[in-house]
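Me: I would like to learn how to read a structural model one feature at a time, beginning with a single contact and ending with the chain as a whole. Could you take me through it?

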Amino acid sequence: MKNETKCLHSGYTPGNTEPRVLPIVQSTTYVYDSTDEMGSVFDEPTKSLIYSRFANPTVMAVEAKIAELEGGVGAMCTSSGQAATLLAVLNICNAGDSIISATQIYGGSINLFSYTFKKMGIE
């Protein structure tokens, strides 16, 4: 499949009677029949959608589309570049590791590294 086709169609496959084009889900929260049912989702967050900061059908489709375009097994969208930076570095660092960074990087990242990594024992 060409990249142009992937851009249009990857990440969403409509079922019978579903919209042809991916609907944009703007809700931040989801309905549950009981507090017990909602509590079980907090215990196992991959079981269902609960809050859009954790997962959202529209964002999940974009992640699948990016993974397909890049030939990856998955992708992760974040709410900010700062969150993306932290996740990227935390994926390769362990407690006790050191990182070296140029002072020319984004100032917010320098602050983030200084505060977060000191709390985790990373220099």
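Me: What does the side chain of Glu 63 reach, and at what distance?

Reply: A polar contact is a pair of N or O atoms within 3.5 Å, so that is the limit to hold in mind here. In this predicted model, the side chain of Glu 63 reaches the backbone nitrogen of Cys 77 at 2.9 Å. Glu 63 is found in helix α3, and, once residues up to four places away in sequence are not counted, Glu 63 touches Ala 75, Met 76 and Cys 77.

Me: Is Glu 63 buried or exposed?

Reply: Buried means under 20% relative accessible area. Glu 63 counts as buried because its relative accessibility is 17%.

Me: Which backbone atom does the side chain of Asn 56 reach?

Reply: The side chain of Asn 56 reaches the backbone oxygen of Val 25, at 3.2 Å. Asn 56 lies in the loop between α2 (35-43) and α3, and its relative accessible area of 6% is why Asn 56 is buried. Leaving aside neighbours within four places in sequence, Asn 56 is in contact with Val 25, Ser 27, Tyr 30 and Leu 49.

Me: Where is Leu 69, and which residues is Leu 69 in contact with, leaving aside its neighbours within four places in sequence?

Reply: Leu 69 is found in helix α3, which covers residues 57-70, and with those neighbours left aside Leu 69 is in contact with Asn 3, Lys 6 and Cys 7. The C-alpha atoms of Leu 69 and Lys 2 are separated by 9.2 Å, although the two residues are 67 apart along the chain. Leu 69 counts as partly exposed because its relative accessibility is 28%.

Me: And what does Lys 6 touch, not counting residues up to four places away in sequence?

Reply: Lys 6 touches Met 1, Lys 65, Glu 68 and Leu 69 on that count. Lys 6 lies in helix α1 (residues 3-9), and at 14% relative accessibility Lys 6 counts as buried. From Lys 6 to Val 25 the distance is 21 Å, C-alpha to C-alpha, for two residues 19 apart in sequence.

Me: What is the phi of Thr 17?

Reply: Most residues other than glycine have a negative phi. Thr 17, which is not a glycine, has a positive phi of about 70 degrees. The place of Thr 17 is in the loop between α1 and α2, and Thr 17 is exposed, with a relative accessible area of 78%.

Me: How many helices and strands are there in the chain?

Reply: There are five helices and zero strands, and, read along the sequence, the pattern is α-α-α-α-α.

Me: What radius of gyration does the chain have, and what would a compact globule of 123 residues have?

Reply: The chain has 19 Å, whereas a compact globule of 123 residues would have a radius of gyration near 14 Å. The C-alpha atoms fill a box of roughly 55 × 45 × 20 Å along the principal axes, and 16% of the 123 residues count as buried. Among contacts with a separation of 6 or more, 51% come from residues 24 or more positions apart.

Me: What does the accessible surface of the chain come to, and how many positive and negative side chains does the chain have?

Reply: The accessible surface comes to about 9,300 Å², and 57% of that surface belongs to carbon and sulfur atoms. As for charge, the chain has 8 positive and 12 negative side chains, and the centres of the two sets lie 8 Å apart.

Technical notes. Residues numbered from 1 in each chain as written. Predicted model: local features only at pLDDT ≥ 70, side-chain atom pairs only at ≥ 80, totals over all residues. Heavy atoms only, no water. Helix = DSSP H or I, 4+ residues; strand = E, 2+ residues; numbered from the N terminus. Buried < 20%, exposed > 50% of the residue type's maximum accessible area, 1.4 Å probe, protein only. Contact = heavy atoms within 4.5 Å. Rg over C-alpha atoms; globule rule 2.2 N^0.38 Å. Areas by Shrake-Rupley, 256 points an atom, 1.4 Å probe, with all protein chains shown as cover. Lys, Arg positive; Asp, Glu negative; His and termini not counted. Charge placed at Lys NZ, Arg CZ, Asp CG, Glu CD. Polar contact = N/O pair within 3.5 Å; in protein donor to acceptor, adjacent residues only side chain to side chain.
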